Every structure is written in C-alpha cells, then in structure tokens.
Amino acid sequence: MNKICCSFISVLRYASTEKAYTSSVVLGRRLSFKSDLSLDKIYPNSRLKLFTPPPPQSTPEKFSGYIPINQLEITYSRSSGPGGQHVNCVNTKVDLRFKLAGADWIPEKTRQKLLQGLQNKLTKDGYFVIKSDMTRSQQLNLADALEKLRKLIREYEVEKAAPTEETLEKLRRRHERAARDRLLVKRQRSLTKSSRQGPNITDL
Amino acid sequence: MAHLRESAEKALKMLRTLPRVQLSNIRPNPNSKKNTKRGRAQHSGDKHGAGNKGSGQRQNYMRLGYETGNNPFYLRFPYEPYYKGHHLRRQYPPISLLQLQVLLDTNRIDSKQPIDITTLCNSGLLRLQPASMEYGFQLTDEGIDRFKAKICIEVQHAKESVIAAIERNGGVIRTAYYDPRSLQAMVNPSKWFEKGVPIPKRLLPPQDAVEYYTSAKNRGYLADPEEISKERLVLAQKYGYELPRIEDDPDYEMLISQKDARQIFYGLEPGWVIGLKDKLIIKSKSLPEEQANREEKS
C-alpha cells in the first residue's frame, strides 16, 4: 500500500506541473491512453496529426479549382435593398478583383480566352471585378463570389465542339424556310394592296 | 441628404413664425387618453353592446373551441405523425459564436486550453441537462463576422460556416459524441467524483449518428485526421481565406490534443476512481488488456 501511495504522490507532483490535457506521467515515463477505439487502430495508415496539405497545382490543360486568395483584392461594403438596421450597418457586400493578365494561377490557354471574352468587362487598369450581395452574411457572399469565379473559368476552359454536318444542314434549311415564308407573306400583302387600287385602263 | 436639409430649414422657418407652445395650442398623443364617459342613453346605453338574449348578453359564454355540439377541430385528430418520437429525439442546446467570443474576452474560458463540455459548464454560464435528452452543445453562426479567437474546441454539432470561422482564425474544431451517462459525469465532474464510482467508458454513437461522427467534413472525432487536413483546405478555398499553417503554430501541441474515443476527461482514463477529498487517484490492478492499452509515447 505504501509503495502504491508513493507512486501516486509522485504522479500528482508531476501532474501538477503538466497541463491537464497531456498524458498522465507515471514514474517519469510519458504514457497516453489508447483504448480499443483509438485512431491509430481505426486508421493504421494515416498521419494522425493535423497538417497543412500543399494546394493542388493546375496543369496547363485543366484548372484545379485552387485560387490563391492572397492574389485577390477583396473589399467589403454595405449591400443595397431592404433589411433595416442590418443592411444599413453591416458590410455584407463583397467586391473581389484581380488583374486578369497577371493571374498565373489560371492556365495560359484559358487565360487568353478569358482576356478575349471579357475584354469589354475589364476595368481601365485591367482588373476583372466580381461582386456578390446574395446573402445576409459576408462569409457566404465571399463564398458565392469565389464560386462565380470558378464557374466562369471552367466555362471558358471547356472547348465547345464544332457543329456537325447534320446540325449545319438543319440550320441552313431553317434559314431557307424562314426566307421563303417571309417572301410569301410579303407577296400576299402586295397583292392585297394592289387589289385596293382602282383598275387601270390597260387591265380592261 | 438634400431633402433632409430642406425639411430642417422648413421646420426652422415655421418655428420662427408660429406662436409659443401653450396649453391652449397643444393636444395629447393619439390614443393616449381613453374616454371615461359611462354608457348611458341612445348610443352606448340600453344593452351596453351585449346584444339580445343568448349567452352573449347573459355573460355565460361557450368554452373556447366549442362548435355547438359537433366534434370540434381541436378534438378531431387524436395524434399527428409529424411529432412521433419527438420526446426521444436528441437535442443540442445552441451556443452562438458571439457568446463564445464574449466568454473568451471576459476570461471566463481560457483560450490556451482545449475547450469541451466540462470547460463550458464550469464557467457557470452554460448549463446542460442530460436527463432532458440534451446530448451536448451545438455551435451556431450568430456573430460569425466578429469571431476572432484561436481555440481548440470540441462540440457535438457545428455548421460548415462555423467550422470555417474557427479554422480561419487558426483554431481547431472537432465534433464528438458523449452518451448520456458520460455527459452526466462531464457536466458536473466534482459531484460525479463524490459518488466514488469509477470513470465510465464513453460509448460509441448510435447508428444514425455514426455517419456524422466518422465524416471528415463534420470534423468528427472518429474521422481520419489526414482526411480532416484535406477538408480544412477545401473549406478554406470555399470560404476564401488562406489556411494558416497549423504546424508552425507555437500552440500546435495544444491544438491537436484530442481525447481518445473512450475517454471522457482529459488526462483521466476510464476505470479510475478519483478521490477529491483525499486527492487520490485509485486505479484497478493492471489487467493484461489494460497493460496492452498503455503504450509508451516515443
């Protein structure tokens, strides 16, 4: 009994200097409690500590979806519309902008397509702007703005397939038919108008 | 703004020309004075608004909901399927991020230690009643824009945006399940220790909750930590913040400290008896399985 008491008193002496969340200190050795359900038993091949994984890299063909937030300029302002004190006082609108030409996180090909497609939408300094005030919350609006950006990049990334011969043929027949109908209506109208005129001496 | 200035100038102009305020040219606010006149003669007199005969005039009204004999609406339906089993459903009393921030700012909770149910109940401001089907706390997103604290917190449920808010500030959030018996011990540890009962083993979650607590998206305590690390990046990209490098944090040890799935208290194992009065921990003599459980930390 004495031996047990001594070991426990030494436990408490060590325990008082250690923080509560760490493992119990017994006889100078550090032990940690691992039951039948400890994580190393459920996931034997896993790194059991939290770490920061490296971000996925975009290949020249495919945009990975990773946007470096540091390279975007994000500002907040008050939203418009009804909402009383909340909309008057809280900065829920998100304005996200970046220089499209200098955005090296977008694959080169897609970036060129974007520059071409959005050239009328860029500011004088070459910034592309996305705004969002969809929700009441600033965080959700920022998420919405980023989602819009990703959607846009993916839209421009997709190479639209050239129309097939059948489609082209269909379109040509459509145009032709439309022209035919238009001329028919025009001729009929002309006939109506001319029948309203009086007869000429040559008609008799 | 222009029309405000104009109306102010108009008001001042009026003030210069109008006579001074006297009892003779003011009146009380609308509906502030009630007419104290009694009902007499033609208009409020005679039957005094009670009509002719019947329960109305005799002040002997039918009970509320009575439909003059037919089966009333409030008695037609003996039960409704929508509330079936409501008394058995798990409840998670909410704590808003605003409350949490206030508790941290006023030093009611130490941000340098991991936070769990015991910490929150020991602050004295939050109470949990396991007997009323309350299975723990849930973190809500009220005050999410103002939350700026780096903490290691363990709750029972949290929304995605709340998880993002905590990880954005460099903290760690986990969701864990505690069965009602363990909860009773957690909510008031000193009272539990007075019983002299060994610390119980925490049980696994029920079938319908297993999926929630094993998924990395919800930061479950039974989820793979590697998957959780990946999900942290995913959430950072979704909500638009740079994920702070947790390994480079000076408080890394504290932030990644996690209880075992069978553990209820930090630093205490199931099976121990805590004697607060004598300041003792009594452990059972080591059984082979318990010795196998104790592994040396390298």
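Is Trp105(A) buried or exposed? Trp105(A) is buried, since its relative accessible area is 9% and the cut-off for buried is under 20%. Keep in mind that you're looking at a predicted model. Here's a quick tour, starting with the aromatic rings and ending with a record entry for chain A.

**Aromatic pairs**

- Counting over all chains, the structure holds ten aromatic pairs.
- One of them joins Phe63(A) and Trp105(A): the ring centres are 6.3 Å apart and the planes meet at 45°, so this pair counts as tilted.
- Over in chain B, Tyr212(B) and Tyr213(B) make an edge-to-face pair, at 5.2 Å from centre to centre and with 85° between the planes.
- Tyr212(B) counts as buried at 17% relative accessibility, and Tyr213(B) counts as buried at 2%.
- Those two tyrosines belong to one aromatic cluster, together with Tyr135(B), Tyr177(B) and Tyr221(B).

**Charges over rings**

- In chain A, look for Arg47(A): its charged end sits over the ring of Phe51(A), 3.7 Å from the ring centre.
- Chain B has a case too, where the charged end of Lys259(B) sits over the ring of Tyr266(B), 4.9 Å from the centre.

**Nonpolar cores**

- The largest nonpolar core is made up of 59 residues. Leu97(B), Leu100(B), Ile117(B), Leu139(B), Ile153(B) and Ile166(B) have the most contacts inside it.
- Several elements of chain B each supply at least two residues of this core, among them helix 5 (97-105), helix 6 (117-122), strand 3 (152-155) and helix 11.
- Helix 7 of chain B gives the largest share, five residues.

- You'll find Gln237(B) in helix 11 (residues 225-239) of chain B.
- Gln237(B) counts as buried, at 9% relative accessibility.
- Beyond its neighbours within four places in sequence, Gln237(B) is in contact with Gly65(A), Tyr66(A), Ile67(A), Ile69(A), Leu146(A) and Arg150(A).
- Further along the chain by 16 residues is Glu253(B), and the C-alpha atoms of Gln237(B) and Glu253(B) are separated by 25 Å.

**Helix 1 of chain B**

- Helix 1 (residues 2-17) of chain B has 16 residues, which at 1.5 Å a residue should span 22 Å; the end C-alpha atoms are 23 Å apart, so the two values agree.
- This helix is hardly covered: the count of buried residues in it is zero.

**A record entry for chain A**

- UniProt, in an unreviewed entry, lists residues 139-188 of chain A as "coiled-coil region".
- In the model, that span is 86% helix and 0% strand, and its end C-alpha atoms lie 63 Å apart.

Conventions:
Residues numbered from 1 in each chain as written. Chains lettered and ligands numbered in written order. Predicted model: local features only at pLDDT ≥ 70, side-chain atom pairs only at ≥ 80, totals over all residues. Heavy atoms only, no water. Helix = DSSP H or I, 4+ residues; strand = E, 2+ residues; numbered from the N terminus. Buried < 20%, exposed > 50% of the residue type's maximum accessible area, 1.4 Å probe, protein only. Contact = heavy atoms within 4.5 Å. Phe/Tyr/Trp six-rings, centres within 6.5 Å; stacked < 30°, edge-to-face > 60°. Lys NZ or Arg CZ within 6 Å of the ring centre and 35° of its normal. Core = buried A, V, L, I, M, F, W, Y, C linked by side-chain atoms within 4.5 Å. Expected span 1.5 Å × (residues − 1). UniProt positions renumbered as here; feature names shortened; annotations may be inferred.
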